[in-house]
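Look through the two chains below before reading on. The paragraphs that follow go from overall shape to the core, the contact between the chains and some individual residues.

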Amino acid sequence: MKELRLANKIVTTQIKDRIHYPGRLVADTLANIGRCGILLLLYWYVFNLREGTIQNTTFLLVAWSMFFYFAFSVLRLRDIGKTIMEDVRSGTVEILLNKPISYILYRAWWQLGGGLYSFLVIGIIGTILLTTLIGIPDTMMNLTFALSLAAVFILGIVLSLILYSIVGMLAFWIEEIRPIFWMVDKSVMILGGSYLPIALFPDIMYKLAIWSPFGASQFVTHTMYPSWTREWYSFVGIQLFWIAILGMFTYFLFQKAKQKLSVNGG
Amino acid sequence: MISVIREIRFAWYATIKNIQSSAELRASFLMNVVGMAINNTSFTLLWILFTQSVGNINGWAPKDIVGLVGFGTLCFGLVFSIGDGIRKLPEYVSSGSFDRFMLSPKNLLLRIATSSFNASTLGDVVFGIICLTLYGFLTDASGLQIALMFLLIIFTTLTFLGVAIAANSLSFLFVDARAVVEGTFDLFLTTSLFHGGAFQGFLRFFFILIIPALLVGTLPVEILKELSWIKLILTGALSMGWFILSIKIFEKGVRKYESANFITFGV
């Protein structure tokens, strides 16, 4: 109960902060126009060139899939890795470890709270815009879709936080974790279906997107395709599997990291 | 003329010192360079896969993506390996540490640009050179095309530098401009690495004249392919125009700057 109260407090404080300083919302909006908006215009042009269908997929499905990817990325869960690295480098981690709270959970709630406001604003506006301009696919008009989307969305958040926390915790051992962060981040970007929607993936890449934790953290981009209603439970299963495995790994890594920590006074 | 040479010599000295200082942490330096080169491969891979999935668009084949990414990463690396400080302008302005640059007897913009260094930008330079060399082999480039490639590298770097200065000069207009600068520059940078063949009609016009993202990679690749002199003149003129305009914007911005009460020191 105490943990939930703390989580609620952290998330609420972060949301209030973002509302008061809307700078990040401006940056997120511009970045989304630049990435998602222009990409959708390009794909619209390319689909028109190919008479509306590429590899049995329509622009409508591709557009929603890509929008889901970019809306999810507005949560900026990836930044948890950099935050942990900064905590280790600056010594802030020592202060936080001495508090009667779980450091990793604290950072996870902090990260989630920081991105929630932009996500809600951009998510709602983007959904309204897409619905008005191109419509909603039939596959998104049923209860199974809504429930399974909620499930993979929440599990995707947990898995992303775990993945990037592992990268961040490497800062206890390695001075410069940015190159590792780039590799993990680009794997998520490619296998998540950012610039190239999963429907257009070659076979081997599609399998990688399903079975690797990088692709599994972005299963929201699969939800609008016709096969989703038949396969959603296996996707949820894959996410749960990775959360269990990587969650345990995070726990052991964190125990080791605490032993590795050296505090320099001054 | 002598003062210009002095300023360039100073910039060169500052850059060398920056690289030497960064290379002191050898493992970290190398990881950054190699890591960034690998990181850039992802964009190339994505657009090549895109072209394979949807087929050639307006004559753009997978090999053209190599050229596009080559121009983009090389000019990004060149601009920010020498002038990483430009990216820190919003921070300098909001924290008040801009004051110390104004007190420097050196050229203000050059002093700011060379105030910081990021090792990963060398990875961009290396990756860009590899991509453009590969592009030259893949297209069986003639002597004229290779000469044009060098000229285009100068044009694209000028454009990139111009946009970087102009976008970061927005810092003088807003109280905390970091988000606006980040968003504006991201709009330019991301678009410059998109598949060039898919930009047609209004989009092409907009991203050449209003936000010059296509001047960085798309137009140079098309110039090399088509040997189009009209596009070459357009790219050259616009890159010069953007560079001159950005200096004017920066100078105007500096005049708006109000000193802060923070006390900062710098060497």
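In chain B, buried residues account for 47% of the 267 residues; a residue is buried if 20 or more other C-beta atoms lie within 10 Å of its own, exposed if 12 or fewer, and partly exposed in between, with C-beta atoms placed from the backbone. This is a predicted model, in which local features need pLDDT of at least 70 and side-chain atom pairs count only at pLDDT 80 or more, while totals for chains, interfaces and linings use all residues. Residues are numbered from 1 along each chain as its sequence is written, and chains are lettered from A and ligands numbered from 1 in the order in which they are written.

Chain B has twelve helices and zero strands; helices (H or I, at least four residues) and strands (E, at least two) are DSSP runs, numbered from the N terminus. The radius of gyration of chain B is 19 Å, close to the 18 Å that the globule rule gives for 267 residues, so chain B is as compact as a globular protein of that length. The radius is taken over C-alpha atoms, and the rule is 2.2 Å times the number of residues to the power 0.38. Along its principal axes, the C-alpha trace of chain B spans about 60 × 45 × 40 Å. Of the contacts in chain B between residues at least 6 apart in sequence, 77% join residues at least 24 apart; two residues are in contact if their C-beta atoms, placed from the backbone, lie within 7 Å.

The largest nonpolar core holds 143 residues, and A:Met66, B:Val79 and B:Ala164 have the most contacts inside it. Such a core is a set of buried Ala, Val, Leu, Ile, Met, Phe, Trp, Tyr and Cys residues joined through C-beta atoms within 7 Å. Helix α3 (residues 62-82) of chain B gives the largest share of this core, twelve residues. Leaving aside neighbours within four places in sequence, B:Val79 is in contact with B:Thr157, B:Phe160, B:Leu161 and B:Ala164.

Where the chains meet, the contact takes 32 residues from chain B and 31 residues from chain A. On the side of chain B that touches chain A, the largest share, 14 residues, comes from α2(B).

Chain A has a helix α2 as well, at residues 23-49. At 1.5 Å a residue, its 27 residues should span 39 Å, and the end C-alpha atoms are 38 Å apart, which agrees; the expected span is 1.5 Å times one less than the number of residues. α2(A) has a kink of about 30 degrees centred on A:Ile33, the bend being the angle between axes fitted to the seven residues ending there and the seven starting there.

Some loop residues remain. B:Ser115 sits in the loop between α6 (108-113) and α7 (120-138) of chain B, and counts as buried because it has 21 C-beta neighbours inside 10 Å. Not counting residues up to four places away in sequence, B:Ser115 touches B:Gly85 and B:Lys88.

Most residues other than glycine have a negative phi. A:Arg76, in the loop between α3 (59-73) and α4 (79-90) of chain A, has a positive phi of about 55 degrees. B:Leu227, in the loop between α11 (218-226) and α12 (229-256) of chain B, has a positive phi of about 50 degrees.
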